[in-house]
Amino acid sequence: MKKFRVVIIGAGIVGASIARILSMYENFDVVIVEKEPDVGWGVSKANTSIIHPGHEEDPNKYPLRAKLCVKGNQMWRTWAEELEIPVKWPGELMVFTNEDEEKQAREYIKLAQLNGVPGVRVVYGEELRFLEPSIGDDAKGAVYAPTAGVISPFEAVIAIVENAVENGAKLLTEAEVTGIRVYNSTVKGVETTQGFVEADIVINAAGLYADKISHLAGVELDFYIRPRKGEYILFDENIEPKPLKILHTVPTHITKGVYAITTVHGNVLIGPTAEDLPLEARDDASTSVKGLDYVYREATKLLKKLPPKSKIIRTFAGLRPEPPNGQWLIKAYSNPWGFVNVAGIRSPGLTAAPAIAEYVVELVANTYDVKLIRKGSWNPYRHDITRLSGKSLSEIDDLIRKNPDYGEIVCYCKMVSKAEVLEAIDRMMKIGIKTITLDGLKFRIYTGFGKCQGSFCRWRVAKVVSDKLSIPYYDVVVKKSSYGIGEIKILWSKKVGEENEVSKV
Amino acid sequence: MKFLKYDTVIIGGGPAGIAAAIKATELGLKPILVENRDLLGGIPLQCIHPGFGLHYFREDLTGTQFITRLLDKLESLKVEYLLRAHVHSIEYIDYDKKLVNVITPQGVMRIYAKTIIYATGARERHIFEIGVVGDRPDGIYTAGEAQTLMDIYGVLPGKEIVIIGSGDVGLIMARRFTLEGAKVKAVVEILPYPGGLMRNILQCLVDFNIPLLLQHTVVRIVGRKRVEKVVVAKVDENLRPIDGTEFEIPCDTVVVSAGLRPNIDLLEKLGVVVDPSTGGPVVNEYLETSIPGVFVAGNALVINDLVDYAVEQGEIAAEGAKVFVDNGGMPTKNWKYVKKGRNIRLVVPQMIGGERDVVIYARVAQPERNVFVEIPELNFRMFHFGVRPAEMIRFKIGRNILNKINENADKITIQVKPR
């Protein structure tokens with residue numbers, strides 16, 4: 001494998017954003033190594049999807065978090081537009097139901113002023129109900145932060161990686177880092193399950209595993225990331241009423257409160273819980289009756305009418321990387337020279353990601369005395385997949401005339417055509433994904449995202465993948481395992497063969 | 001874009017839709033059948049097991065045989081149909097004018113019609129809808145999806161299988177898995193009685209020594225990549241798991257067979273009144289919904305346990321469409337509401353005019369033995385040895401009986417009473 005200037009460990013929102021910023025400059029051969037088959041499958045995939053305004057960050061305790069959150073919020077406006085990432089900016093209401101909560105909530109107005117977050121104020125009664133007709137009857141008032149947004153986090157990672165690759169970055173999936181090679185107190189690259197990747201600078205953006213990577217590099221040996229679990233409930237899009245704004249309860253010392261939002265895809269999402277897991281439980285994204293009940297109960301404080309449980313289409317959990325004392329660990333080391341930690345990026349990491357990326361690139365440039373030269377050819381734009389959804393009948397007709405695959409609908413709930421599946425596969429291959437997974441397609445084109453959760457479309461999409469890649473149908477990978485275990489007739493002939501073995505001889 | 005015009009657009013090329021198309025043609029209407037898959041036939045295409053047609057053809061056929069007979073008839077009548085046609089939307093333009101917008105590989109078709117027969121079938125309840133928690137690994141399928149994989153594509157989903165719910169498709173798949181050499185470790189049913197037909201319990205489970213765990217539920221699925229095991233517990237009378245009764249069943253595959261829901265998204269968008277007990281639209285005896293000229297048949301109307309009923313409903317809907325087209329609407333003046341009496345969970349139709357013979361479909365809430373199914377207002381009474389929620393009660397009330405009811409009565413009651 002060729003030598004790179006920079007290797008980024010982890011294709012989550014942070015790693016991807018750093019790759020995008022680096023791809024703006026000359027002389028930065030970048031490779032992202034990712035242990036999963038696709039990008040954004042760790043922390044970035046399952047979270048509340050909020051772009052925070054920055055009024056919840058205490059600049060005295062967490063100056064970096066506060067600064068980068070506010071800046072990240074601004075940067076997303078540009079990034080989402082350049083990269084065609086689904087986003088909306090409804091603003092948020094931190095809802096209080098009694099005087100104690102009101103007092104706590106009002107503290108955030110002060111933080112907003114310190115952080116320079118515009119428009120944060122308290123609203124009561126009629127104005128509150130005017131701003132949010134679906135708000136619960138118990139709501140006394142709310143702290144209104146108009147700059148809050150909601151984004152599609154997994155599509156954001158996909159879009160950013162696509163753009164970074166377009167601008168020269170590489171992606172190496174299914175490559176788990178097993179070691180950091182250091183020689184003469186200088187990093188030389190990373191050992192992965194796919195071989196050695198040589199590089200001058202190693203940026204650790206490994207999310208939940210960033211402490212382990214740091215330890216492999218021999219730094220921050222007492223730094224441990226605690227997985228904090230959040231469980232969520234997702235409702236069908238076909239419900240009323242949907243909250244217009246981002247609603248949440250008043251934060252406590254460990255959580256930002258339970259949210260009720262309408263996602264960019266039109267589903268109502270409530271959650272999360274906040275449960276600290278043992279250090280080694282970093283792949284435990286299981287849901288629990290207790291957790292989901294808690295989420296449902298808390299959300300009744302926010303909404304006048306919570307959708308019935310029969311409208312739940314999915315429940316899931318995500319893990320957030322919780323660093324010691326809530327402090328992000330962003331540091332470029334001189335020993336080993338070339339190793340950079342971007343670790344413990346807990347909330348508001350999604351919001352801050354573009355700003356973190358800028359900060360990290362400046363840090364790298366300053367620490368390792370790299371001259372940043374802008375590429376003349378850098379392309380800031382990435383176009384989203386051409387989708388039928390949202391188009392008029394005549395636009396759809398035009399698309400079909402050019403390509404009849406648009407006229408073949410494979411996913412009914414989300415009206416996704418075969419052409420979209422094929423485009424998503426092409427894009428996955430283009431960024432260097434080795435295994436085309438049905439989950440990867442789901443995050444790109446929403447097949448299986450609807451109320452049937454794939455029972456109508458999964459086998460159709462798998463068929464398109466099987467045909468396109470010329471692989472056996474049963475071998476198509478869902479998430480991490482194959483769709484089937486084999487063909488019935490082959491299994492039968494094996495079985496019959498075994499039984500007839502004696503007679504054959 | 002192409003603009004087309006028909007008397008009736010039939011949406012869904014499964015048994016109910018095909019039967020409606022045949023009947024409509026026989027009655028002299030000009031129908032078009034719209035199907036989203038690349039061939040007509042619907043779910044019976046993947047039903048290679050017998051048990052079809054005992055009522056309708058008075059023969060025991062497989063699903064494929066059953067549907068072939070209907071398709072042969074459809075072809076002989078030269079009914080027009082569109083394949084790979086996805087209905088994008090339905091617009092209600094006027095009392096006798098509806099517009100169905102369809103996406104096909106040939107382009108967008110805009111079909112104007114006086115009536116619509118909606119026969120889009122059902123969708124399956126999935127793992128998240130039945131509240132199962134735990135990990136979300138690969139290896140979880142709905143029973144219908146597993147059936148598609150095995151009986152259309154010849155793919156075996158897994159080796160060691162636990163089936164959640166005892167719906168008919170799940171029971172039939174339990175037998176199929178076993179025949180293909182996989183091991184079905186258990187069928188787990190939360191209720192005290194099975195969800196599927198008794199004949200399927202016997203022919204698919206008992207005959208193959210597959211354990212049926214009644215009053216049990218899967219409390220958790222465990223597996224990081226693929227399913228590794230399920231944790232099962234006994235439930236109390238409120239269907240809540242009883243602490244301390246948990247045990248594990250190692251398996252690589254979970255199949256969910258927890259019932260079906262009528263697939264009526266487009267009708268809901270159109271604003272039909274939905275009956276919460278059936279999950280389908282409220283209809284009158286012509287199977288007309290609350291929107292004039294829009295009819296519904298098959299599993300989109302009510303979840304049937306026999307394909308024969310779906311076919312019958314398709315025919316009734318076509319007769320309704322004929323009445324609507326001929327009269328510029330339904331001539332009935334006086335609808336009577338059908339009330340659910342003792343031990344009746346659902347009933348179709350929900351409104352009766354009484355100008356024609358009416359086929360009533362009902363389900364009980366609880367199993368019961370030695371009962372009468374009654375309509376007190378009509379002095380109608382019918383003996384049953386036993387009624388079960390899984391087995392639909394179907395009977396016909398003649399127009400002559402319905403005529404006897406007092407004209408001012410606003411309802412009739414269906415009820416089950418012990419003998």
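Leaving aside neighbours within four places in sequence, B:T278 is in contact (heavy atoms within 4.5 Å) with B:P262, B:L301, B:V302, B:L346, B:V347, B:V348 and B:Q350. This is a predicted model, in which local features need pLDDT of at least 70, side-chain atom pairs count only at pLDDT 80 or more, and totals for chains, interfaces and linings use all residues. Residues are numbered from 1 along each chain as its sequence is written, chains are lettered from A and ligands numbered from 1 in the order in which they are written, and side-chain values use heavy atoms, with hydrogens and water left out.

Back to B:T278: its place is the loop between α6 (265-270) and β20 (294-296) of chain B. Helices (H or I, at least four residues) and strands (E, at least two) are DSSP runs, numbered from the N terminus. With 4% relative accessibility, B:T278 counts as buried; the word means under 20% relative accessible area, while exposed means over 50% and partly exposed lies in between (1.4 Å probe, protein chains only). A polar atom of the B:T278 side chain sits 3.0 Å from the backbone nitrogen of B:G280.

Another buried residue of chain B is B:I375, at 0% relative accessible area. Strand β25 (residues 368-375) of chain B holds B:I375. Neighbours within four places aside, B:I375 is in contact with B:F380, B:F395, B:I397, B:I412, B:T413 and B:I414. As for B:L45, it is 330 residues from B:I375 in sequence and 38 Å away in space, C-alpha to C-alpha.

Now for where the two chains meet. On the chain A side 56 residues are in contact with 49 residues of chain B. The size of an interface is often given as the accessible area lost when the parts come together. Here chain A and chain B bury about 4,500 Å² between them, 57% of it on carbon and sulfur atoms; this buried area is the accessible area (1.4 Å probe) that two parts lose on being put together, summed over both. A:L393, A:W459 and A:I488 supply 15% of what chain A buries against chain B, more than any other three residues.

The rule finds 5 salt bridges across this interface, each a side-chain nitrogen of Lys or Arg within 4 Å of a carboxyl oxygen of Asp or Glu. One salt bridge joins the side chains of A:E408 and B:R84 (2.9 Å, N to O). Elements of chain A giving two or more residues to the side that touches chain B include α9 (393-402), α12 (458-469) and α13 (488-504). DSSP must find at least two bridges between strands for them to pair. Within β11(B), B:L156 is the bridge partner of A:G486.

Most residues other than glycine have a negative phi, and most peptide bonds are trans. The bond from A:E240 to A:P241 is cis, with omega near -10°, and A:P241 is in the loop between β13 (226-235) and β14 (246-249). Also cis is the bond from A:S347 to A:P348, with omega near 0°. A:E174, not a glycine, has a positive phi of about 55° and is partly exposed at 29% relative accessible area. A:N184 also has a positive phi of about 55° without being a glycine, and this residue is exposed, at 65%.

Key. Polar contact = N/O pair within 3.5 Å; in protein donor to acceptor, adjacent residues only side chain to side chain.
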